[in-house]
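Welcome! Take a moment to look at the sequence and the 3D picture, and then we will walk through them together.

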Amino acid sequence: MIKIKKLTDTAIIPTRGTTQSAGMDLYADITNSTEIKPGEIVKFHTGIAIQLEEGTVGLVFARSGLGIKHGVVPANCVGVIDSDYRGEIIISLINNYSESYTVNPGDRIAQLVIVNALFPKVEVCNELDDSERGTGAFGSTGK
């Protein structure tokens, strides 16, 4: 379960495009249209705060259509909302294309995916177990 608190009267509760959509659309809670110039980063309020179940994390991803068609994506690539955070969700968007893009009030600007989180203990050691891949890095498994 996720609890959602509207912080403004104009905030839009996140929605799913279909019943099987993993992501819930997040909406811009702004009063005026806002232009994002090429290369510019702009912060957008969503007007909502959430309460996640303990042991989960909210991940904020780009909306594929917005990113592919207009080059507008979250500036930090993926936002992380910890289960103990209760503040407003704010999305910073960057325009990676050469043309300005305008966000209008109520536009869908990102998507929120809730997943289980692991909290492993950290053990500092001098050696790691061997594996098939070993220390092979970038491109080491391809041809």
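Let us begin with one residue. Arginine 16 is found in the loop between β1 and β2; strands here are DSSP runs (E) of at least two residues, numbered from the N terminus. With a relative accessible area of 43%, arginine 16 is partly exposed, a label that lies between buried (under 20%) and exposed (over 50%), using a 1.4 Å probe and protein chains only. Leaving aside neighbours within four places in sequence, arginine 16 is in contact with Ser21, Ala22, Gly23 and Met24, where contact means heavy atoms within 4.5 Å. A polar atom of the arginine 16 side chain lies 3.0 Å from the backbone oxygen of serine 21. Arginine 16 and leucine 112 are 96 residues apart in sequence, and their C-alpha atoms are 9.6 Å apart in space.

A word on where this comes from: the model is predicted, so local features need pLDDT of at least 70 and side-chain atom pairs count only at pLDDT 80 or more, while totals for chains, interfaces and linings use all residues. Residues are numbered from 1 along each chain as its sequence is written, and side-chain values use heavy atoms, with hydrogens and water left out.

Now for the sheets. Strands of a sheet pair through backbone hydrogen bonds, either parallel or antiparallel. Here two strands pair if DSSP finds at least two bridges between them.

| Strand order of open sheet | Strands | Pairing |
|---|---|---|
| β1-β4-β8-β6 | 4 strands | antiparallel |

β2 pairs with β10 (residues 108-116) over 4 bridges, and tyrosine 27 stands opposite arginine 108 in β10.

Strand β4 (residues 41-51) and strand β8 (residues 88-95) run antiparallel, joined by 6 bridges; alanine 49 has glutamate 88 in β8 as its bridge partner.

Not counting residues up to four places away in sequence, threonine 46 touches several residues, including Ala11, Leu26, Tyr27 and Ile91.

How values were computed: Polar contact = N/O pair within 3.5 Å; in protein donor to acceptor, adjacent residues only side chain to side chain.
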